[in-house]
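Keep the structure open beside the text as we go.

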Amino acid sequence: MKTGYLIDMDGVIYRENQLIPGAVEFVQALSASGTPFLFLTNNSAPTPEDLAVRLKHLGIHGLSARHFYTSALNTADFLSETDPGCTVFVIGEGGLLTALHERKIANDAIRPRYVVVGEGMTTMEKLVKAHECIERGARLLATNPDNWCPVSSEKTRPGAGSTAAFLEASTGRHAYFLGKPNGYMFHRARRKLAEIALSEPEQVVMIGDTMETDIRGAMEAGMQSFLVLSGSTQLEGLGDYVYQPTRVLQTVADLTEEIKTGKASDRLNSPVYGTNGTSAKLGQRHQTDVFALHKPRPRPAMTK
Ligand SMILES: [Mg+2]
């Protein structure tokens, strides 16, 4: 069966500017076997070209912009498909500005159709401007729902979700979130994967480290989902979730042999599943859980 892979990046391929052991061999096996794959990220700050360079510096060569699909591209695809010729006021960085520019979506700081919030720095002045635009009728969109994003094992930074939450609070309007786990992200990613593969893969698997974006989105889009424990999720936390991944792996290195031989493992799940149990530790805060701001979250965000 021809399988295509959608692969999250942070916590799956690298962490804190360090490659996950075995990630190079994993990507090499995908390329050498002609397996279609696409990196899928909720980070709307970089362009696909930036991401290819970033992976090159980390030691993964031979990738180009077409191997990446970001929440910024997803937002630009969404607007150009549902409201071509619309105008936007943007709070965001290069990846988002470029994606919108390429779809010929113009900036308007006076009376835009949408306020679009992405990852990155902002200022109170920009937030006030966005607030005023929404007051004048603009609709609020965010590239992704992540309230915080891991920077290192010691540190997180505010994500696009928290910037959108500011504007939701000040205007009383609700934002619409693109990116994972929105089905539109998976729908467009699947289409892009088919373009790369020159035909539709019979099966698409999402590999990710975050339950509420990678695993939830894949499940809702009818895809298989492989959770890797090299990022933000610990095995003990799995009991927290209604939805579960198809398989649980330590890292992507667990898949390399399978991709090389073309034979699916006869193990239903990786050995990690079942050895420690999945006893629930309830009440942890999730990256997108805006209703649980009062709850303590595990620190550091990246747990290993
Ligand atoms: Mg991740």
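**From the sheet outwards**

Start with the open sheet: 6 strands, paired in parallel and ordered β5-β4-β1-β13-β14-β15. At its edges sit β5 (68-70) and β15 (247-249), each with pairing on one side only. From one strand to the next, the twist averages 25°. Helices (H or I, at least four residues) and strands (E, at least two) are DSSP runs here, numbered from the N terminus, and two strands pair if DSSP finds at least two bridges between them. Before going further, note that this is a predicted model, where local features need pLDDT of at least 70 and side-chain atom pairs count only at pLDDT 80 or more, while totals for chains, interfaces and linings use all residues. Residue numbers run from 1 along each chain as its sequence is written.

Strand β4 (residues 37-41) runs parallel to β5, and 3 bridges join them. Here T41 stands opposite T70 in β5. Elsewhere you'll find an antiparallel pair: β10 (residues 148-152) and β11 (residues 155-158) share 4 bridges. These two strands form a hairpin with 2 residues between them, and S152 has K155 of β11 as its bridge partner.

Now for the inside. The largest nonpolar core has 72 residues, and L6, I7 and V115 have the most contacts inside it. Such a core is a set of buried Ala, Val, Leu, Ile, Met, Phe, Trp, Tyr and Cys residues joined through C-beta atoms within 7 Å. Buried means 20 or more other C-beta atoms within 10 Å of a residue's own, exposed means 12 or fewer, and partly exposed is in between, with C-beta atoms placed from the backbone. Helix α1 (residues 23-32) gives this core its largest share, 5 residues. What is I7 in contact with, leaving aside its neighbours within four places in sequence? The list is V12, I13, F37, F39, L40 and I207, where contact means backbone-placed C-beta atoms within 7 Å.

Next, turn to helix α7 (residues 183-197). M185, F186, A189, K192 and L193 are buried in α7. They sit on the same side of the helix because they cover an arc of only 125° around the axis, taken from the directions from the helix axis to the C-beta atoms. On the other side of α7, G183, R191 and E195 are exposed. The buried residues pack against β1 (3-7), β4, β5, α3 (71-82), β13 and α8.

K104 lies between α4 (94-102) and β7 (106-107), and counts as exposed because it has 10 C-beta neighbours inside 10 Å. Its C-alpha atom is 8.2 Å from that of S80, 24 residues apart along the chain. D83 is in the loop between α3 and β6 (87-91), and is partly exposed, with 14 other C-beta atoms within 10 Å. Between the C-alpha atoms of D83 and I105, 22 residues apart along the chain, the separation is 9.6 Å.

Note on methods: Axes fitted to C-alpha atoms, helices over the stretch in contact; angles between N-to-C directions. Contact = placed C-beta atoms within 7 Å.
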